[in-house]
Amino acid sequence: MKNTLKKTLSLITALSVLTAAGCSSGGATADDALGAPMTTVAQNNFYYAEAGEAADSKEFDASVRGEEFTDSIYEEEGMYEEEIDFNTEEYNAIKENSYMSVLANPLSTFSIDVDTASYTNLRRMINDGYYIDTDAIRIEEMINYFNYDYPAPNAGEPFSVTTEMADCPWNDETKLLLVGLQAEEIDMSERAPMNIVFLIDVSGSMYSDDKLPLVQKSFSLLTENLTPQDRVSIVTYAGSDRVVLEGADGNNKAEILEAINALEAGGSTAGADGINTAYKITEKYFISGGNNRIVLATDGDLNVGISSESELTKLVEKKRETGVFLSVLGFGTGNIKDNKMEALADNGNGNYAYIDSVLEAKKVLVEEMGGTLFTVAKDVKLQLEFNPAYIKGYRLIGYENRMLAAEDFEDDTKDAGEIGAGHSVTAIYEIVTVDSPMELNTSDLKYSETSGEENGEMLTVSIRYKEPDGDTSKLLEYPVAESAYSASMSENLAFASAVAQFGLVLRDSEYKGTATYDSILSSLEAYDFGADSYKTEFISLVEEMKSRND
């Protein structure tokens with residue numbers, strides 16, 4: 001209550017000062033002075049003035065209320081001093097996939113997603129006791145955060161494909177189908193040279209400890225793993241972009257670390273300028289046959305120049321034709337622009353991770369360096385064709401913003417996701433078999449296939465992908481036989497389904513069925529995940545949420 005009152009008082013004072021300033025300069029309004037209309041942040045139940053970086057800073061808070069006001073009002077109300085905690089995080093709305101009739105929609109087509117940002121961000125929200133925005137929950141990214149025991153790919157193929165089916169734990173009228181891809185590992189001692197540009201947001205919104213200081217620690221970890229064949233440049237952006245380091249030898253770690261550690265935050269955020277400069281430098285030092293990549297570190301708050309999601313998407317769509325990949329690392333709390341960061345990575349042929357700690361930075365940039373920085377296949381699309389002789393319906397869990405039209409599968413001009421060395425990708429479907437009592441809406445069909453063929457194949461998984469420097473896709477096909485069903489789950493499917501249930505419960509999904517925190521925990525009791533600290537941490541998160549809801 002005290003915090004809410006303090007924020008309200010600060011806002012009223014801010015508007016009073018800004019309105020007075022507007023009146024003394026020709027009748028400008030408070031909105032004119034702020035540079036943006038008033039905005040409502042429903043999740044924190046208070047209004048805030050969207051005033052760019054200033055609204056997040058101590059300086060702005062002090063300037064709009066004054067120390068005299070602070071002392072008298074706060075002492076009178078018995079309030080303590082603390083920095084205003086505005087929440088301006090942005091997430092794209094998610095409309096969950098529904099059940100589809102095989103008769104009406106025999107093909108399910110989507111782009112892979114190796115991003116993991118949603119899970120790490122969710123973990124941060126839970127650990128900090130933070131409000132959980134359901135649109136921040138992308139279930140496929142939660143599932144794909146973890147490693148699974150999939151076989152290595154065959155010689156000459158970029159990844160293996162694993163399929164299995166079992167009964168659905170939360171819906172007795174459906175079964176679960178797992179489709180898992182495992183990318184080939186690379187020997188990091190024999191890896192191709194890297195031409196990397198660290199593109200670092202040093203605007204005022206990056207001031208806090210979980211932003212720029214964590215960025216510096218993260219890139220310092222990556223620097224320790226560079227070799228003499230690598231080239232590193234550093235570009236920063238705030239009110240304008242600046243080239244801090246250009247084409248440095250990867251063996252000159254002292255110079256690189258000195259440049260990283262000297263960075264300071266301040267100013268507004270002209271992200272597009274920095275992106276353009278980063279592409280120019282990456283192209284200047286382009287290594288043929290090497291890994292040419294921009295690694296952007298930001299909270300996503302781009303508020304000068306090109307700043308909308310659509311404009312940023314168009315920018316990186318043009319730039320990706322240069323052969324330069326763009327990966328995004330998100331940082332911080334309270335100001336995350338998740339929608340912009342995801343769009344940049346998705347359209348820049350890269351991946352998107354959220355860094356909430358030094359340990360997570362080590363996981364992403366050191367332990368999984370190959371998957372994060374080395375692409376083995378790009379524009380990877382999956383298309384499942386269901387045989388109506390065995391299956392009458394299906395629902396893809398997650399991947400809502402990765403769905404493609406059926407005709408996009410063979411269209412090589414349609415962009416899709418990239419998979420890095422050692423990455424695994426998992427997709428889970430709820431399957432409605434022909435003997436299920438579940439009814440699906442097919443009343444609007446005038447013509448349809450009626451039976452399919454009982455040939456022992458329930459469905460076929462087709463995959464298209466391109467080589468990292470290729471323009472023409474290759475096709476792989478994997479029929480899934482009736483024998484893929486088992487009455488008992490493998491450890492892979494058991495854990496992936498538990499993560500899916502967690503996402504469904506947190507979202508309060510209409511498709512969660514009987515899933516609860518208790519059922520998630522009980523489904524994992526038969527397995528020993530003690531050797532995997534990330535999976536045991538997941539179980540702890542479920543236990544934490546259970547305790548809050550008991």
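I count Ala, Val, Leu, Ile, Met, Phe, Trp, Tyr, Cys and Pro as nonpolar, Asp, Glu, Lys and Arg as charged, and the others, Gly among them, as polar.

**Basis.** I worked on a predicted model, with local features needing pLDDT of at least 70 and side-chain atom pairs counting only at pLDDT 80 or more, while totals for chains, interfaces and linings use all residues. I number residues from 1 along each chain as its sequence is written, and side-chain values use heavy atoms, with hydrogens and water left out.

**Whole chain.** I looked up the secondary structure and found 16 helices and 18 strands; these are DSSP runs numbered from the N terminus, helices being H or I of at least four residues and strands E of at least two. Of the 550 residues in the chain, 55% are buried (under 20% relative accessible area, with exposed over 50% and partly exposed in between, for a 1.4 Å probe and protein chains only). I took contacts as heavy atoms within 4.5 Å. Among contacts with a separation of 6 or more, 79% join residues 24 or more positions apart.

**Cores.** I defined a nonpolar core as a set of buried Ala, Val, Leu, Ile, Met, Phe, Trp, Tyr and Cys residues joined through side-chain atoms within 4.5 Å. The largest one has 70 residues, and Phe219, Val380 and Ile419 have the most contacts inside it. Strand β13 (residues 375–386) gives the most to this core, with 6 residues. I then listed the partners of Ile419 beyond four places in sequence; among them are Ile112, Phe159, Phe374, Val380 and Val425. A second, separate core of 67 residues includes Tyr130, Tyr237, Ile275 and Phe529.

**Thr298.** I placed Thr298 in strand β10. Its relative accessible area is 1%, so I record Thr298 as buried. The side chains of Thr298 and Tyr237 are joined by a polar contact of 3.4 Å (a pair of N or O atoms within 3.5 Å; within protein, one must be able to donate a hydrogen and the other to accept it, and residues adjacent in sequence count only if both atoms are side-chain atoms). Beyond four places in sequence, the contacts of Thr298 include Asp201, Met206, Phe331 and Met341.

**Helix α11.** I checked α11 (residues 338–347) and found 10 of its 10 residues buried. Among them are the charged residues Asp338, Lys340, Glu342 and Asp346. Just after α11, Asn349 takes a positive phi of about 60°.

**Pockets and cavities.** I used a 1 Å grid over the protein atoms alone: a cavity is a set of points where a 1.4 Å probe fits but cannot get out, a pocket is an open set with protein on both sides within 12 Å along at least five of seven lines, and lining residues have an atom within 4 Å of a point. Grid points are joined across faces, edges and corners, and a volume is the space filled by probe spheres set on the points.

The second largest pocket has a volume of about 440 Å³. Of its 17 lining residues, Gly289, Gly290, Asn291, Thr375 and Pro468 are the closest to the centre. β10 (291–298) and β13 give two or more residues each to this lining, and β10 gives the most, with 3. I sorted the lining into 7 nonpolar, 6 polar and 4 charged residues.

I found 5 cavities of 30 Å³ or more in the whole structure. The largest cavity holds about 90 Å³. Its lining includes Val114, Asn351, Lys363 and His423, and β12 (352–355) and α12 (358–367) each supply at least two of the lining residues. By class, I noted 4 nonpolar, 4 polar and 3 charged residues there.
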